[in-house]
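Please look through the sequence and the structure shown below before reading on. The report that follows takes up the chain as a whole and then turns to its parts.

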Amino acid sequence: MQNLAIRYGSMMFAGFTLFFLLMNAFGIASNTNLRIFNFVIHIAFIYLAIKSYRETHRDTFQNYAKGLVLGMYTSAIGVLGFTVFFSL
C-alpha cells in the first residue's frame, strides 16, 4: 500500500508542479479561478491509487479504512512535496 501511495503521490506532485509551471509560463499564475484544476489533479490521483489497490487486492476484503489511509498517504506525499517545491 505504501508503494502505491509513493507512486501516485509522486505523480500528484508532478502534476501540481507541471500545472503551476505552465500557469507561471503563461503569466496566469495569479488567476485563482484556475486553481480549481489543482482539485481535479488531487482527486484524480487519489482515485487512481485506490483503484490500483483494489485491482491488486481482489481476494481480500476491501474496507473503508484501508482506502481512506491510502488516500491520505497519497495526498500527503503529493501536497507536502509541492509545498517544499513552492517554498523554494
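## The chain as a whole

Of the 88 residues of the protein chain in this predicted model, 28% count as buried, which here stands for a relative accessible area under 20%. The C-alpha trace spans about 50 × 25 × 15 Å along its principal axes.

The protein chain has three helices and zero strands, and its elements, read from the N terminus on, follow the order α-α-α.

## Helix α1 and its two partners

Helix α1, made of residues 2-25, packs against helix α3, made of residues 64-87, at an angle of about 40 degrees, and the axes of the two helices lie 7 Å apart. Because of that angle, α1 is described as oblique to α3, and the crossing of these two helices is right-handed. Where α1 and α3 are in contact, the residues divide into 16 nonpolar and eight polar, with no charged residue among them.

With α2, the axis of α1 crosses at roughly 160 degrees, and the two axes come within 10 Å. An angle over 145 degrees counts as roughly antiparallel, so α1 is roughly antiparallel to α2. The crossing in which α1 passes α2 is right-handed.

## The two sides of helix α2

Helix α2 covers residues 36-56, and its 21 residues, at 1.5 Å a residue, should span 30 Å; the C-alpha atoms at its ends are 31 Å apart, which agrees with that expectation.

Which residues of α2 are buried? They are Ile 41, His 42, Phe 45, Ile 46, Ala 49, Ser 52 and Tyr 53, and because they cover an arc of only 125 degrees around the axis, they lie on the same side of α2.

## Gly 67 in helix α3

Gly 67 has its place in helix α3. Is Gly 67 buried or exposed? With a relative accessible area of 17%, Gly 67 is buried, since the cut-off for that class is under 20%.

Methods. Residues are numbered from 1 along each chain as its sequence is written. This is a predicted model: local features need pLDDT of at least 70, side-chain atom pairs count only at pLDDT 80 or more; totals for chains, interfaces and linings use all residues. Side-chain values use heavy atoms; hydrogens and water are left out. Axes are lines fitted to C-alpha atoms, for helices over the stretch in contact, and angles run from 0 to 180 degrees between N-to-C directions. Helices (H or I, at least four residues) and strands (E, at least two) are DSSP runs, numbered from the N terminus. Angles under 35 degrees count as roughly parallel, over 145 as roughly antiparallel, 65 to 115 as roughly perpendicular and the rest as oblique. A crossing is left-handed if the near helix is turned anticlockwise from the far one by less than a right angle, and right-handed if clockwise. Ala, Val, Leu, Ile, Met, Phe, Trp, Tyr, Cys and Pro count as nonpolar, Asp, Glu, Lys and Arg as charged, and the others, Gly among them, as polar. The expected span of a helix is 1.5 Å times one less than its number of residues. Buried means under 20% relative accessible area, exposed over 50%, partly exposed in between (1.4 Å probe, protein chains only). The arc is that of the directions from the helix axis to the C-beta atoms.
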